[in-house]
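Open the model in your viewer and keep the selection tool at hand. The tour goes from the whole chain to single side chains.

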Amino acid sequence: MDKEKKSKVIQIILLSLMAIFYIITSIPAGTSIGQIIFAGVIFLLIIYFATRALKYFKII
């Protein structure tokens, strides 16, 4: 890997770790693991259907 690609990979990894840390710290107390997983699945489904709709209408 050249230096620029290696730098981009490190940036992506660090930003991902920061996002995960932020998500973990902002979860309200008393939330179960099941609720967290369910919310994550619903979020991914919403993103999937939104991108499909945008592609269908040739917006992206």
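What share of the 60 residues in the protein chain is buried? The answer is 0%. Keep in mind that this is a predicted model.

**Whole chain**

Show the chain as a cartoon. It has 2 helices and 0 strands. Along the principal axes, the C-alpha atoms fill a box of roughly 45 × 35 × 15 Å. The radius of gyration of the protein chain is 17 Å, whereas a compact globule of 60 residues would have one near 10 Å.

Now switch to a surface. The accessible area of the protein chain is about 5,900 Å². Carbon and sulfur atoms account for 75% of that surface.

**Stop 1: Ile42**

Select Ile42, which sits in helix H2. Is Ile42 buried, partly exposed or exposed? Ile42 is partly exposed, because its relative accessibility is 33% and the buried class ends under 20%.

Ile42 and Gln11 are 27 Å apart in space. In sequence, 31 residues separate Ile42 from Gln11.

**Stop 2: the aromatic pairs**

How many aromatic pairs does the structure hold? There are 2.

Select Tyr48 and Phe49 and show their side chains. Their rings pair edge-to-face, 5.3 Å centre to centre, with 65° between the planes. Colour both by accessibility. Tyr48 is partly exposed at a relative accessible area of 43%. Phe49 counts as exposed, because its relative accessibility is 52% and the exposed class starts over 50%.

Move on to Tyr56 and Phe57. This aromatic pair is also edge-to-face. The ring centres of Tyr56 and Phe57 lie 5.0 Å apart, and the planes make an angle of 80°. Tyr56 is exposed, with 65% relative accessibility. Phe57 is exposed as well, at 58%.

**Stop 3: Lys58**

Select Lys58, in the segment after helix H2 (33-56). Most residues other than glycine have a negative phi.

**Last view**

Show Ile42 in helix H2 together with Lys58 in the segment after helix H2.

Conventions: Residues numbered from 1 in each chain as written. Predicted model: local features only at pLDDT ≥ 70, side-chain atom pairs only at ≥ 80, totals over all residues. Heavy atoms only, no water. Phe/Tyr/Trp six-rings, centres within 6.5 Å; stacked < 30°, edge-to-face > 60°. Buried < 20%, exposed > 50% of the residue type's maximum accessible area, 1.4 Å probe, protein only. Helix = DSSP H or I, 4+ residues; strand = E, 2+ residues; numbered from the N terminus. Rg over C-alpha atoms; globule rule 2.2 N^0.38 Å. Areas by Shrake-Rupley, 256 points an atom, 1.4 Å probe, with all protein chains shown as cover.
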